[in-house]
Amino acid sequence: MGASRGGRGRRRRVAWIGLAAVALLSVAPSAPVGAAAPTAPGGSPSGQGYWLVGSDGSVFNFGDAGSYGSPAGGHLAKPVVGMAATPTSHGYWLVASDGGIFGYGDAGYFGSPGGGHLAQPIVGMAATPTGHGYWLVASDGGVFGYGDAGYYGSKASGRRKKQVVSILATRSGHGYWLVASDGTVAPYGDAAFRNTHTYDRPIIGMALTPTGQGAWLAASDGTVATQGDAPPYPPPPAAAGRTIVGIAGL
């Protein structure tokens with residue numbers, strides 16, 4: 001298939017390979033605004049929290065996740081559609097549907113397709129383990145890499161029925177999964193399948209725990225399903241009535 005590249009970015013289409021995701025559980029209260037995200041011994045993220053982001057740019061923090069700012073309340077040319085945390089958990093990126101990037105905390109800027117022509121809108125993003133790059137994914141499965149984000153493929157079958165909603169990077173940074181609205185994933189690079197239960201509602205994104213043995217799956221109403229060693233949290237009142245579009249884990 002044809003390919004295009006913007007800056008360091010690349011774009012491809014994806015063929016869906018099924019993986020069922022988890023049954024719905026509930027989620028939880030945010031950490032104090034402005035709090036730094038605690039880390040485990042050795043400086044790694046604690047795995048005890050996550051962020052959700054709304055289409056208006058509002059960011060909601062849960063468990064240990066700290067608040068580092070957001071574009072909520074300002075003028076957005078296009079709605080926010082996803083987010084990714086930095087490796088330190090002391091910052092995050094937000095991405096808009098036109099590929100525009102917003103960085104907060106220690107999140108650096110490495111390029112974007114914002115202002116250029118996209119065949120399909122951006123729907124999600126994932127960060128590299130170094131924090132020196134990120135991937136963006138479009139609704140047709142096109143993948144754009146920036147900074148040190150490598151390209152590992154995305155093929156089109158021409159028979160895809162589920163919309164791509166997000167991208168999830170492996171812990172090594174040498175692969176990723178493209179996630180569909182029903183929780184099925186297509187693995188690339190060193191991404192491997194994970195055993196899950198059926199997820200019974202559309203999701204907008206997925207985040208792994210630091211061990212790789214658990215995951216959070218978020219729905220647009222802010223409810224989050226947990227799998228493996230991912231702890232559940234109840235949602236903060238401020239999230240009520242918001243359209244949630246992305247999730248990022250510590």
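The points below take up the basis of the model, a sheet, a tryptophan and a pocket.

1. The model is predicted, so that local features need pLDDT of at least 70 and side-chain atom pairs count only at pLDDT 80 or more, whereas totals for chains, interfaces and linings use all residues. Residues are numbered from 1 along each chain as its sequence is written, and side-chain values use heavy atoms, with hydrogens and water left out.

2. Three strands form an open sheet in the order β9-β10-β11 with antiparallel pairing, where strands are DSSP runs (E, at least two residues) numbered from the N terminus and two strands pair if DSSP finds at least two bridges between them. The edge strands, each pairing on one side only, are β9 (164-169) and β11 (185-189). Strand β10 (residues 175-180) is joined to β11 by five bridges, and Y176 stands opposite Y188 in β11.

3. W216, in strand β13 (residues 214-218), counts as buried because its relative accessibility is 0%, the cut-off for buried being under 20% relative accessible area with a 1.4 Å probe, protein chains only. The side chain of W216 reaches the backbone oxygen of P231 at 2.8 Å. W216 also lies 8.3 Å from I247, C-alpha to C-alpha, although 31 residues separate them in sequence.

4. Among the residues lining the largest pocket, of which there are 36, A85, A127, A169, R171 and G249 are the closest to its centre. The elements giving two or more residues to this lining are β3 (80-85), β6 (122-127), β9, β12 (205-208) and β15 (244-249).

Technical notes:
Helices (H or I, at least four residues) and strands (E, at least two) are DSSP runs, numbered from the N terminus. Buried means under 20% relative accessible area, exposed over 50%, partly exposed in between (1.4 Å probe, protein chains only). A polar contact is a pair of N or O atoms within 3.5 Å; within protein, one must be able to donate a hydrogen and the other to accept it, and residues adjacent in sequence count only if both atoms are side-chain atoms. On a 1 Å grid over the protein atoms alone, a cavity is a set of points where a 1.4 Å probe fits but cannot get out, and a pocket is an open set with protein on both sides within 12 Å along at least five of seven lines; lining residues have an atom within 4 Å of a point.
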